[in-house]
Amino acid sequence: MPPQDIFSMTDHLDQQMLDVMVTRLEARGRHPFFSTMLQEYLEAMAIDSARTVLDLGCGTGLAARTIALRARFVGTIVGIDLSAYLLDAATRLAAEAGVASRVTFQVGDTHHLDLPDAQFDAVVAHTLLSHVTDPGAVVQEAARLVRPGGMVGIFDGDYASLTFDQEDLVQGRADDEALITALVANPRVMRQMPRLLRRAGLTIIACFPYVLAEVGQADFWASGIEAYRRLVPRSGTMTEAQADAWAGRLAHDSDVGQFFGASNFYAYVARKATPPAHAGPTPTAEHA
């Protein structure tokens with residue numbers, strides 16, 4: 001079996017692996033840099049004015065909770081994910097945050113959902129598109145489900161840029177490639193987003209580029225490295241011994257102040273066109 005994006009397998013992973021994933025998703029989402037990126041594109045979407053929001057590939061419900069906790073947001077949110085286990089975590093975390101009455105979660109495949117057209121004022125896909133089988137189909141589905149004039153927000157890593165320095169440059173390059181293969185099905189998808197959004201009939205109104213780089217010591221990347229150490233062997237691109245050695249080398253570099261880890265991220269905000277108002281029949285010569 002060829003290596004497979006571990007985050008695309010959430011409906012097949014065992015509880016131990018899913019618990020590792022939950023820990024990483026929540027730690028990543030709480031990091032100030034990651035939180036700032038989310039809030040910035042939500043502002044550009046004018047998310048507080050949305051009465052109904054769809055969170056595609058919601059995972060542990062981080063984006064849904066963030067929206068629900070905004071002081072001026074008074075709408076409701078539906079979160080969709082492949083994994084019932086992650087949705088159980090999302091439900092629990094929403095209750096702990098005090099927003100359970102405004103957020104609901106359901107299992108579904110974001111490529112094709114049994115939901116009516118134009119049901120939502122806004123659709124969010126936060127760290128989803130790099131993991132799906134067909135990103136274009138998911139973008140088309142987002143466009144179908146948002147109302148005319150509504151907003152779509154898409155955020156993810158440009159994981160083709162993901163890199164961790166190691167003293168052995170050849171080993172470092174091989175480890176980067178193994179990591180990217182294990183973690184993402186579509187490492188360049190955020191570079192394709194302008195054409196995918198256009199094909200779906202969505203117009204980009206804002207784009208936010210970011211570089212998340214840590215030099216000297218790992219902070220944001222520290223929880224990721226620990227999670228990847230356990231998740232990557234499940235994909236098959238590293239053995240457990242290789243993953244342990246990789247994580248150990250990076251931990252050592254952080255301890256002595258020579259760590260380097262970085263990846264680009266992008267957020268796109270797009271609007272669905274509003275059909276022109278019906279102007280009525282063209283006057284005939286008799287009535288002109």
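Biologist: In this predicted model, why is E26 called buried?

Modeller: The relative accessible area of E26 is 7%, and since buried means under 20%, E26 falls into that class.

Biologist: What makes R65 and E26 a salt bridge?

Modeller: The closest N and O atoms of R65 and E26 are 2.7 Å apart, and because a salt bridge asks for a side-chain nitrogen of Lys or Arg within 4 Å of a carboxyl oxygen of Asp or Glu, the pair qualifies. R65 and E26 are both buried.

Biologist: Which side chain meets E26 in a salt bridge at 4.0 Å, N to O, and where do the two residues lie?

Modeller: That side chain belongs to R30; R30 and E26 both lie in helix α1 (residues 15-30), separated by 4 residues, which is about one turn of the helix.

Biologist: Why does R30 count as exposed?

Modeller: R30 has a relative accessibility of 59%, and because exposed means over 50%, R30 is placed in that class, whereas E26, at 7%, is buried.

Biologist: How do you know that R229 forms a salt bridge with D244, and which parts of the chain does the pair link?

Modeller: The closest N and O atoms of R229 and D244 are 2.9 Å apart, to be set against the limit of 4 Å. The pair links distant parts of the chain, with R229 in helix α8 (residues 220-235) and D244 in helix α9 (residues 240-255), 15 residues apart.

Biologist: What makes the radius of gyration of the protein chain agree with that of a compact globule?

Modeller: For 288 residues, a compact globule would have a radius of gyration near 19 Å, and the protein chain has 21 Å, which agrees. Along its principal axes, the C-alpha trace spans about 85 × 40 × 40 Å, and buried residues make up 53% of the 288 residues.

Technical notes: Residues numbered from 1 in each chain as written. Predicted model: local features only at pLDDT ≥ 70, side-chain atom pairs only at ≥ 80, totals over all residues. Heavy atoms only, no water. Rg over C-alpha atoms; globule rule 2.2 N^0.38 Å. Buried < 20%, exposed > 50% of the residue type's maximum accessible area, 1.4 Å probe, protein only.
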